[in-house]
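Here is a short report on the structure shown below. It covers strand pairing and nonpolar cores.

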Amino acid sequence: MGLLFGWRISKIRLFTIILALTIFIMGSYILPWNKTEVLNTSLQLPPIAVAVRAEGAGNVQVPLENSVIDLEVLVKLVSAKLEYAPRKLPEEAEIIEAEPELFSVIPHQFLPNLLNPCWYEESFENVNSQQRIKFHQQGDKLFRLRCLPYVYIIGQPKCGTTDLFNRLQMHPEANYNHIKEPKWWTKTGYVVNDVVNMVNNTRVQDYLDLYNWAGANIQAGLNGRIEKDFNPLKGIAVDASPSLMWDNRARNVDKMRDGVEPMVLIEDLIHKVQPGAKIIAIIREPTERLYSSYLYTRESFLSKEHFHSLVERLVKLFQSCLSEKSLRFCAYNPDLMHSLIKIPLGMYYVFLQDWLTVFPREQILILRYEDYATNAEVELKKVFDFLRLDPLTLEQEKKVFKKKIYNTQEDQYEKIGPMLPTTKHLLRELYRPFNNKLASLLENEAFLWNET
């Protein structure tokens with residue numbers, strides 16, 4: 001009995017010692033962990049093969065994680081692929097087929113004398129005498145003013161579109177816009193009554209409803225109820241969805257899954273329904289823009305090392321695509337556009353060349369974020385002149401021009417610091433051929449970003 005009791009005690013002690021050792025060993029592994037390492041383990045994705053040219057053996061499929069970026073080879077590949085002819089514009093029937101409801105609702109002509117594209121639509125609402133000032137009356141019938149945006153502000157994340165939109169709203173003729181990014185044309189995250197509606201097939205009428213406020217105030221001005229400093233003939237509506245520049249997934253995803261370049265783009269649709277539309281593109285040195293967009297996620301695990309690992313994977317995916325497909329296909333590729341970093345790679349040249357094949361150069365104002373951040377007053381005056389808005393009073397200028405730049409990442413940048421020199425070198429070399437082509441396309445060497 002004593003022996004049995006002693007054996008039980010020894011067994012308990014042995015179990016206790018083993019348990020203590022196990023906890024100690026586990027603790028030695030757990031203690032050095034940080035949130036970045038935890039996140040990296042959760043980011044393990046299925047293996048992706050990258051085509052790598054082997055000596056005398058053509059292209060060999062190598063797992064993405066095992067591939068090495070040969071920067072010289074990559075830059076040569078990009079430079080060669082950049083020499084392509086501008087896209088062939090789609091036929092009118094193809095454009096209409098891509099969005100038939102749009103062309104059944106929007107008239108072929110807009111009201112003369114108004115800067116903004118608007119038209120009258122009969123209203124059957126019950127309105128009181130105060131509300132009638134915002135309607136046009138013919139006999140016993142009431143008509144409301146329906147409007148499309150006059151200007152589309154395009155770009156990419158962290159290029160200053162939010163700040164530009166907010167300042168533009170401070171102009172008396174543009175201050176009747178309460179939603180910055182409807183995203184109706186991209187069919188992603190569409191906003192209805194300030195609520196995000198992820199249903200792709202949202203009606204054209206819902207989009208037009210977003211600009212009822214602008215239309216009603218323009219009509220009130222035409223009826224003689226003019227707000228101070230508001231010229232109804234120059235009142236404008238604004239769509240500042242930057243993704244209009246590049247996000248054409250909704251209407252082309254099936255074709256692109258089959259390896260075909262996108263055919264009907266957003267700019268084709270806008271130009272067809274509204275050939276006089278004004279376009280403002282604001283873009284930023286692409287390397288810093290990518291890092292700023294990464295910092296904007298504000299997650300606790302962010303680090304310059306983590307950013308580098310994401311960039312490497314994104315570049316490998318891009319190189320893999322480019323080894324088999326055209327540059328335009330890879331630039332618009334939805335798998336690359338939203339992989340890991342969840343943002344487009346930043347090939348301004350490809351996207352802006354496509355916009356310039358549809359709209360004449362005089363209808364597209366292209367700004368650099370660096371100039372805007374350094375001297376907002378000069379750039380905003382360019383914007384107001386481009387849009388043909390009335391000049392601001394001195395008092396209005398003080399409010400608009402002295403406002404602090406909105407939506408910067410100063411706190412995150414100060415906390416994490418600049419990206420690794422290795423990352424910057426990789427991205428700068430990748431973007432250099434694109435910047436060269438962009439500067440040539442726009443006939444402006446400032447878009448080389450040599451000063452940054």
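How many bridges join β10 to strand β11, and in which sense do they run? Five bridges join β10 to β11 (residues 364–368), and the two run parallel. This is a predicted model: local features need pLDDT of at least 70, side-chain atom pairs count only at pLDDT 80 or more, and totals for chains, interfaces and linings use all residues. Residues are numbered from 1 along each chain as its sequence is written, and side-chain values use heavy atoms, with hydrogens and water left out.

**Strand β10 and its partners**

Strands (E, at least two residues) and helices (H or I, at least four) are DSSP runs, numbered from the N terminus. Two strands pair if DSSP finds at least two bridges between them. On β10, strand β6 (residues 151–155) also pairs in the parallel sense, over five bridges.

| Strands | Residue | Partner |
|---|---|---|
| β4 and β5 | His-136 | Phe-143 |

Six of the six residues of β10 (residues 278–283) are buried, so the strand is largely enclosed by the rest of the structure. Buried means under 20% relative accessible area, exposed over 50%, partly exposed in between (1.4 Å probe, protein chains only). Lys-278, Ile-280 and Ile-282 point one way from β10. Ile-279, Ala-281 and Ile-283 point the other way. In a regular strand the side chains alternate between the two faces of the sheet.

**The open sheet**

Three strands form an open antiparallel sheet in the order β3-β5-β4. β3 (118–123) and β4 (136–138) stand at the edges with a single partner strand each, so one side of each lacks a neighbour in the sheet. Three bridges join β4 to β5 (residues 141–147).

**Nonpolar cores**

A nonpolar core is a set of buried Ala, Val, Leu, Ile, Met, Phe, Trp, Tyr and Cys residues joined through side-chain atoms within 4.5 Å. The largest has 90 residues, and Trp-185 and Phe-318 touch the most other members. Helix α12 (residues 304–322) gives the most to this core, with nine residues. Apart from it lies another core, of 26 residues, including Ile-236, Leu-380, Leu-389 and Val-400.

Leaving out residues up to four places away in sequence, Phe-318 touches residues including Val-78, Leu-327, Met-347 and Phe-434. Contact here means heavy atoms within 4.5 Å.
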